[in-house]
Amino acid sequence: MRRDSIFYQLFQQSPQLLFDLLATPPANAQSYRFDCVAVKEPTFEIDGVFLPPDGDPPGTVFFCEVQFQKDEHLYERLFSEAFLYFYRNRSRFSDWQAVVIYPSQAIEQTQFEPYRALLSSDQVHRVYLDEFRAVEQLPLGVALMVLTTIQDSQAAVEARTLLARSQRELPPDKSRAIMEMIITIVVYKFTTLSRREVELMLGITLQQTRVYQEAKEEGRQEGRQEGRQEGRQEGRQEGRQEEGRSLVLLLLKQKLGELSPSLESSLSSLDVSQLEALAIALLSFSSISDVQHWLDEHG
């Protein structure tokens, strides 16, 4: 499951979500904005940086790392990135903090003696999503994070619960954003399900959502060209590929703006494995040229 792009979308839509994980968030948490940055010479790529509003005195910058796989050098990399970025932007910030989000403590780096002082300080926060209980009582944004870690056997029930909560607690535009995120998470978790099967699981009509509308239109255009003689199984596989392509295009457009027709044409030729790789790589992109450079290397 490609969780990086999911968390990127969550933080991009609601930067204050990070502070729902902390016991003592900053007073101006609602004013922070989320960004992805690259620190060069040497090149480091930070998962997420939460920037305080400009003002006097300068505020605190928050670094975020979402880690769902074992990495025995995570803290070496994280603190190198954070210190270098802070050093190069010292005049902009008064302090720094770091938040590391794990699915469980079992994924955490096991040897961290050189960083024990930092890890026991109030500057570094380690969040283990499996320690959150009663998903229905969590803030909706935090509940979506936890949904990415829930066992498949429970995910359907929790997803329906969150859908009902969003419709009950939020205005229509925000409720639709939550619904889109739940659909994205479910599609990533259950890659073998057809659209109809996902609809039955969630109890909604997916063709009314933005993700599936775009995927349906692209699938219809390709279907006209290729005809209807293909079998049902092949059609399902192709549909999933189109859905994945639509999700990647949405992420790219949200981060970089509109794409040229020639660039979209190049993206349309990518297979499933390439799309998954691009979904991770795009988190570090800062311009359209980064997309073209990636395609030149991997396309």
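Predicted model: local features only at pLDDT ≥ 70, side-chain atom pairs only at ≥ 80, totals over all residues.

Entry on helix H12. I looked up the buried residues of H12 (residues 288–298) and found Val291, Trp294 and Leu295. They cover an arc of only 100° around the axis, so they sit on the same side of H12. On the other side of H12, I found Asp296 and Glu297 exposed.

Entry on strand E4. I checked E4 (residues 93–102) and found eight of its 10 residues buried, so the strand is largely enclosed by the rest of the structure. E3 (residues 59–66) runs parallel to E4 and is joined to it by eight bridges. I traced the chain from E3 through helix H2 (residues 74–88) to E4; this β-α-β crossover is right-handed. E4 also pairs with E5 (residues 124–128), in the parallel sense, over five bridges. In E5, His125 is the bridge partner of Val99.

Entry on salt bridges. My search of the whole structure gave six. One joins the side chains of Arg77 and Glu65 at 3.1 Å, N to O. Arg77 lies in H2 and Glu65 in E3, so this pair ties together parts 12 residues apart in sequence. Arg77 is partly exposed at 25% relative accessibility, whereas Glu65 is buried at 2%. I noted that Glu65, Asp71, Arg77 and Glu81 are linked in a network of salt bridges.

Another salt bridge joins Arg126 and Glu108 at 2.7 Å, N to O. Arg126 lies in E5 and Glu108 in the loop between E4 and helix H3 (116–119), so the pair ties together parts 18 residues apart in sequence.

Definitions and conventions
Residues numbered from 1 in each chain as written. Heavy atoms only, no water. Buried < 20%, exposed > 50% of the residue type's maximum accessible area, 1.4 Å probe, protein only. Helix = DSSP H or I, 4+ residues; strand = E, 2+ residues; numbered from the N terminus. Arc of directions from axis to C-beta. Pairing = 2+ DSSP bridges. Right-handed = clockwise from strand over helix to strand, strands pointing away. Salt bridge = Lys/Arg side-chain N within 4 Å of Asp/Glu carboxyl O.
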